[in-house]
Amino acid sequence: MDYQKTREVLAAFEREGVTYVIFGAVALNLQGLARATEDLDVFLAPSAENVSRLRRALRSVFDDDPHIDEITAEDLLGDYPAVQYVPPDGDFYIDILTRLGEAFRFEDLESERVDFDGLEVSVTTPATLYRMKRGTVRPRDQGDAERLRLRFGFEDD
Amino acid sequence: MPVYKYRDVSEMEDRTWREPGDPSLFKAISATWDFARRTTRPQFPPGVYKHPSRASAEELCDEWERRNFESFREHRSRR
C-alpha cells in the first residue's frame, strides 16, 4: 500500500464530506498495529448523496478516472453492496461496502476519530474491529482477531 | 536500536502495538507498507468490480493474491 496515496484518498473523503468508516487492516494499523496490506476497506453510509460525494472524492485523487462513474448508488444500495475500485496505477485497491451480510450495517459500527499523520479520519473501534474479524474464516483475519483480543482483553460473548 | 528481553513469547506481542496517533506508529506503518510494496510489487487490474456479497469480493482478492504470488515467485527465480 502507498502510505501517502491512502492518506490522500482519506483527505479527499474528509474534504468532500463522505460519511464513511475505515475497517479491515488499515483500521488495525491506525488503532496501533502496523501490518502490511494491499487494500483500504471503507464502510459507507448508504445514501445516494454519499455515494455521489465518494465519486467526487475519488475523481479528485485519481485524475477523473472514467471507471469511477461505474460506482453507483443503484448498485451499492441495491444488489451489489460490495464494490472494489482499483485505481489506474493498479498497485492497491479500495473495498467499498454498504452492508456486510445480515451482521453489519453502517449504523451498527462503532467508530471513533483517529489521527492519521495530521489528518482526522473515522475508524472502527477496536471492539467493533474484533467483532468483524472474529467471525471470519480467513486465517489472516483470525490472526488479527486474536491480536486484538490479546491487546484489548476482549472476551467472546 | 535497543534490545528487549522476554520471559515468554506471548509477551513479545505487546511490543509491536503502539498508541493511535503516536508519531512512531505512522513511521512504522509507512515503513511496513513501503517494504511490502517494494518486495512483492502487487498489481491489480484497474477498474470497478461489483459483488453481491463480501465473500464474493474476497474470492476475487484471493485470485489476485494468487496471481501476484506466482508473479513474485517467477520474478525471484529469474534473478
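Trainee: How many residues does the contact take from chain B and from chain A?
Mentor: The contact takes 33 residues from chain B and 38 from chain A, where two residues are in contact if their C-beta atoms, placed from the backbone, lie within 7 Å. This is a predicted model, where local features need pLDDT of at least 70 and side-chain atom pairs count only at pLDDT 80 or more, while totals for chains, interfaces and linings use all residues. Residues are numbered from 1 along each chain as its sequence is written, and chains are lettered from A and ligands numbered from 1 in the order in which they are written.

Trainee: Which helix gives the largest share of chain B's side?
Mentor: Helix 2 of chain B, with 10 residues. Helices (H or I, at least four residues) and strands (E, at least two) are DSSP runs, numbered from the N terminus.

Trainee: Which strand of chain A pairs with strand 1 of chain B?
Mentor: Strand 3 (residues 82-86) of chain A, in the antiparallel sense over five bridges; strands pair if DSSP finds at least two bridges between them. Among the partners, G47(B) is bridged to V86(A).

Trainee: New topic: at what angle do helix 5 and helix 6 of chain A cross?
Mentor: Roughly 145°, and the axes of helix 5 (residues 126-134) and helix 6 (residues 139-152) come within 8 Å. Axes are lines fitted to C-alpha atoms, for helices over the stretch in contact, and angles run from 0 to 180 degrees between N-to-C directions.

Trainee: Which residues of helix 5 meet helix 6 there?
Mentor: P126(A), L129(A), Y130(A), K133(A) and R134(A) do, and their partners in helix 6 include D141(A) and F152(A).
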